[in-house]
Amino acid sequence: MVEAEFGNASEKKISEIALINPSKTEIRKVDESTIVSFVEMASVSESGYIASKTDRPLKELKKGSYTYFADNDIIIAKITPCMENGKCALATGLTNGIAMGSSEFHVIRTKGEVLSKYLFTILNMEIVRKEAEKNFTGASGHRRVPASFYENFKVPVPPLPEQAKLVNEIEKLELKIAQNQALIDRVAEKKQSGMKMYL
């Protein structure tokens, strides 16, 4: 459980405010020639975003064991050590709004009471990963977080305007982090170039 920092914000189980692992039956009527995004576990950054994706026809992926998700869904690695390492992302910019990915993803789709980015920010916190780790099931090396952990996990649910305000602040900080990282990378490149002059 994550402690509320919103005064009187009520706490609710994720199963009350989101759908866990939506069924592939949602896309049973989608033309199988439709091009969709394919997202492997390796494609998800440990910094909380999908680093790469490939386009493939739905018919190549639909009948496999791949996990279905859509734009604005949250994907979280359920297997060790990927979960502990922070492989979690908010899916955006998917080809035709649809993706198939690793069978080792849990998918969480918010309902109208909570913003996707708000819930993603909570689920991507290290304190939540530590709690999920305590609930691993399975044999060593193949331990996984069960869907029931997320279904029963409680999060603070402030009014939507407060969620939006928090998300806006988070996005400003993310922009600063990206800008600072770009600056660090440029300085590192200059350092390398400078050192080569003396080698």
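**Close-up views of a predicted model**

**View 1. Helix α3.** The buried residues of α3 are Ser116, Lys117, Tyr118, Leu119, Phe120, Ile122 and Leu123, where buried means under 20% relative accessible area with a 1.4 Å probe and protein chains only. Helix α3 spans residues 116-123, and seven of its eight residues are buried; helices are DSSP runs of H or I with at least four residues, and strands are runs of E with at least two, numbered from the N terminus. This is a predicted model, in which local features need pLDDT of at least 70 and side-chain atom pairs count only at pLDDT 80 or more, whereas totals for chains, interfaces and linings use all residues. Residues are numbered from 1 along each chain, and side-chain values use heavy atoms, without hydrogens and water.

**View 2. The open sheet.** Four strands in the order β2-β9-β6-β7 form an open sheet with antiparallel pairing, two strands being paired if DSSP finds at least two bridges between them. Because β2 (18-20) and β7 (88-90) stand at the edges, each with a single partner strand, one side of each is left without a neighbour in the sheet. Between β2 and β9 (residues 105-110) there are three bridges, and isoleucine 20 has isoleucine 108 as its bridge partner in β9.

**View 3. Phenylalanine 69 and phenylalanine 105.** These two residues form an edge-to-face aromatic pair, at 6.4 Å centre to centre and 85° between the planes; rings of Phe, Tyr and Trp (its six-membered ring) pair if their centres lie within 6.5 Å, with planes under 30 degrees apart counted as stacked, over 60 as edge-to-face and the rest as tilted. Phenylalanine 69 lies in strand β5 (residues 67-70) and phenylalanine 105 in strand β9, so the pair ties together parts that are 36 residues apart in sequence.

Notes. Buried means under 20% relative accessible area, exposed over 50%, partly exposed in between (1.4 Å probe, protein chains only).
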